[in-house]
Structures are given as structure tokens and as C-alpha cells.
Amino acid sequence: MCPRRLVINYILVYKNIGRFIVKTKDSKVSSEFYLDNDAVKAFDTEFRDWEAYCSVLSSLGIPRYTKIKVLDIGGGNGIFMDRLLDFFPNATGVVLDYSQFMLDRNTHNPRKKVMQGSATDIDTLLLGENYDLITINVLLHHLVGEDEEQNLINITRCLKSLHCILAGTGKLVVYEQVYEGWLRQPSPGEIIYRITKVKSGAFSFLMKRLGANTAGVGVRFRSIRGWQGLFERHNFRSIHTGFVLEDKPSIFRKIFLNIRKVGSYLFVLEIQNAGARSENSHHPAYGVDE
Ligand SMILES: C[S@@+](CC[C@H](N)C(=O)[O-])C[C@H]1O[C@@H](n2cnc3c(N)ncnc32)[C@H](O)[C@@H]1O
């Protein structure tokens with residue numbers, strides 16, 4: 001088969017893989033997209049890039065000894081919050097996570113509160129609160145639903161509510177796994193989403209055995225541009241961005257998932273005026289499908 005034909009077939013297979021195997025359901029924010037205890041257990045680890053994160057924290061201009069309020073969304077076992085509270089010795093913090101299993105792994109700290117709930121319900125859970133620093137580490141890609149429309153609704157709900165509870169001069173720091181593709185579409189994030197959301201028992205069993213603890217529920221990774229576009233759409237302005245760590249996927253993963261580059265990336269954001277978005281963010285495709 002000629003190389004051009006091969007590439008076309010490759011695109012067709014990935015574009016349609018999800019459509020053939022996934023049943024469509026009503027769009028709604030639903031706990032059926034929460035990972036079970038067995039799956040979240042894999043997240044009961046130390047935060048992996050504290051040193052690099054720490055140097056970015058130091059550059060934010062937040063005085064270390066002032067009484068700031070910090071919120072860590074999807075903070076799970078609280079290890080990251082404990083480190084933040086060591087870094088800011090007069091700060092108080094809230095760890096929000098939907099998994100009681102993960103929250104139970106928190107060690108006691110008089111300056112730390114844990115709260116069970118979803119990142120998509122912050123508008124009711126933390127109504128009227130105000131935080132100087134909000135951190136979201138490897139969580140946003142978990143806010144998935146039945147389809148991309150629902151994924152975007154979930155992200156919107158979360159980002160809109162963060163806009164209300166972040167102090168005027170506060171910082172939102174998002175640490176995400178970003179995927180850049182060779183081909184723009186289907187992006188690695190789309191391919192992974194379609195594969196991981198397949199609910200068929202045998203298929204998700206196989207994926208779990210291959211190491212995808214999110215199999216059967218789904219995860220939606222995006223490119224740097226994809227996340228950036230979403231933040232801008234919701235009136236957040238980047239003041240610092242950059243790779244913290246680049247991963248080295250196997251050649252098999254690179255080809256199969258269309259990965260050019262993957263790694264942990266930091267977005268440091270602050271609130272911008274609604275009228276002051278960049279030109280790119282008005283483009284309908286910007287930040288949505290990557
Ligand atoms: C990949 S782990 C990251 C844990 C921690 N932030 C870290 O960086 O080590 C994702 C965490 O987000 C939580 N999570 C997933 N979906 C969530 C949601 N909708 N609302 C709140 N927490 C969620 C999981 O329970 C888990 O603790």
C-alpha cells in the first residue's frame with residue numbers, strides 16, 4: 001500500500017474508533033465518570049515534580065510569610081498541600097477531591113481542611129470563598145462526560161467558578177499532562193479519550209491490564225494550545241508557562257497515539273478583564289478540539 005493511502009487509513013481508523021464502539025447517552029455531569037477506589041489508588045503517590053514547581057512558586061511574588069488562603073483541587077492524599085503549607089508557613093489550605101478514599105489518606109495538619117466534592121460543583125461548595133492561590137494538578141483532564149461537548153461544559157463549570165473564588169490578585173496554577181501531536185487531528189488527546197471511554201468490559205479490562213487505570217471512564221488530555229485557549233476563553237491570562245518534565249514514550253505509543261511530544265506542563269494564570277482576550281481566543285476552534 002502506498003504511504004499516502006496508509007496515512008489516510010490511519011486517520012480514518014482513529015477518527016471512527018470511538019463512534020463504532022461507544023454508546024451515546026444523555027449529556028449530564030454524572031458520577032458515573034468518577035473513578036472507583038481501585039483506579040484512584042494509583043494516584044496515592046508523592047507529587048512528582050515538587051522541586052521544579054517550587055521554583056515557579058517562588059517567582060509568583062506571593063510573600064511567603066503572609067496569611068494566604070490556598071485551595072488545591074483534586075488534591076487527593078494532601079501531600080502536595082502539606083508541602084504548600086510548609087512553603088507558606090502562615091497559610092491555610094483546603095484540599096478538595098471527590099474521592100473520600102483519597103481524602104482519608106491525608107495526614108492531620110491544623111492549617112489544612114479536606115472537603116469532599118467535585119471540581120464541577122465549586123460554585124455551590126465554595127460559594128462566597130476567596131483564595132489567593134488555587135492549584136490544580138493533573139485533574140482537569142478527568143472532568144469528562146459522554147462526549148466532547150460535555151467535557152467542555154465540565155471544564156467551563158469549573159473555570160467559571162474559579163473565576164469567582166480567586167482573589168483579584170490571586171494566582172491559578174494548573175499543572176497538566178500535555179500532548180502534542182504530529183497530526184493536528186485526531187489529536188493524541190482525542191485518541192486517548194476515545195479509547196479510555198469505551199465501556200465494554202473486556203476492552204476496558206484489557207486497557208487496565210495495559211496500565212490505563214482510567215479505562216472505561218475516560219480522560220481528555222489536550223495540547224498546550226488547547227488548554228491555553230480554554231483558559232483564555234474563561235478570562236484567565238497566562239503569566240508563566242513551560243514544560244516541567246518531558247516524558248519519553250515508546251515508539252509504539254508515539255505512532256499509535258500520534259504523539260510528537262508529551263510531558264508535564266505548568267500554566268500560571270491570573271484573572272484578566274473580559275474585554276481583553278487575545279485575538280486567537282475568539283476563533284471558534286481555538287482550544288476546543290485539540
Ligand atoms: C491524577 S490524580 C492527581 C492527584 C494530585 N493532585 C497530584 O497531583 O498528585 C487526580 C485526582 O483528582 C481527583 N478527581 C478526579 N476527578 C475529580 C473531580 N471531578 N472533582 C474533584 N476531584 C477529582 C481524583 O480523586 C484524584 O485524587
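This is a predicted model: local features need pLDDT of at least 70, side-chain atom pairs count only at pLDDT 80 or more; totals for chains, interfaces and linings use all residues.
# A walk through the model, starting at the ligand

Select the ligand first: 19 residues surround it, the closest being Phe-43, Gly-74, Gly-76, Ser-99 and Asn-137.

Residues are numbered from 1 along each chain as its sequence is written.

Now colour by pLDDT, the predictor's confidence in each residue, from 0 to 100. The protein averages 84, and 77% of the residues score at least 70. Treat two stretches with care. Over residues 11-29 pLDDT stays under 50, and the model has 21 contacts for them beyond four places in sequence; two residues are in contact if their C-beta atoms, placed from the backbone, lie within 7 Å. Over residues 277-287 the pLDDT is also below 50, with 16 contacts beyond near neighbours in sequence.

Switch to cartoon view. You will find 11 helices and 7 strands, where helices (H or I, at least four residues) and strands (E, at least two) are DSSP runs, numbered from the N terminus.

Next, select the largest nonpolar core, which has 55 residues; Ile-134 and Phe-267 have the most contacts inside it. Strand β7 (residues 259-271) gives the largest share, 7 residues. Such a core is a set of buried Ala, Val, Leu, Ile, Met, Phe, Trp, Tyr and Cys residues joined through C-beta atoms within 7 Å. Buried means that 20 or more other C-beta atoms lie within 10 Å of a residue's own (exposed is 12 or fewer, partly exposed in between). Centre on Ile-134: beyond four places in sequence, its contacts are Leu-71, Ile-73, Leu-162, Leu-166, Gly-170 and Leu-172.

Which residues of helix α4 (residues 79-87) are buried? Show Phe-80, Met-81 and Leu-84. Look down the axis of α4: these buried residues fall within an arc of 95°, taken from the directions from the axis to the C-beta atoms, so they line one face of the helix. They pack against β1 (69-73), β2 (92-97), β3 (112-116) and β4 (131-137).

Helix α10 (residues 224-233) is mostly covered, with 7 of its 10 residues buried. Select Gly-226, Trp-227, Gln-228, Gly-229, Leu-230, Phe-231 and Glu-232 to see them. Their cover includes α7 (148-165), β5 (166-181), α8 (188-196), β6 (236-246) and β7. Just after α10, stop at Asn-235, which takes a positive phi of about 65°.

Finish with two loop residues. Ala-119 sits in the loop between β3 and α6 (122-125), and it counts as buried because it has 23 C-beta neighbours inside 10 Å. Beyond four places in sequence, Ala-119 is in contact with Ile-73, Gly-74, Leu-96, Leu-139, Leu-143 and Cys-158.

Gly-216 lies in the loop between α9 (201-209) and α10. It is buried, with 21 other C-beta atoms within 10 Å. Draw a distance to Val-198, 18 residues away along the chain: the C-alpha atoms are separated by 5.2 Å.

Definitions and conventions. A residue is near a molecule or strand if its C-beta atom, placed from the backbone, lies within 6 Å of it.
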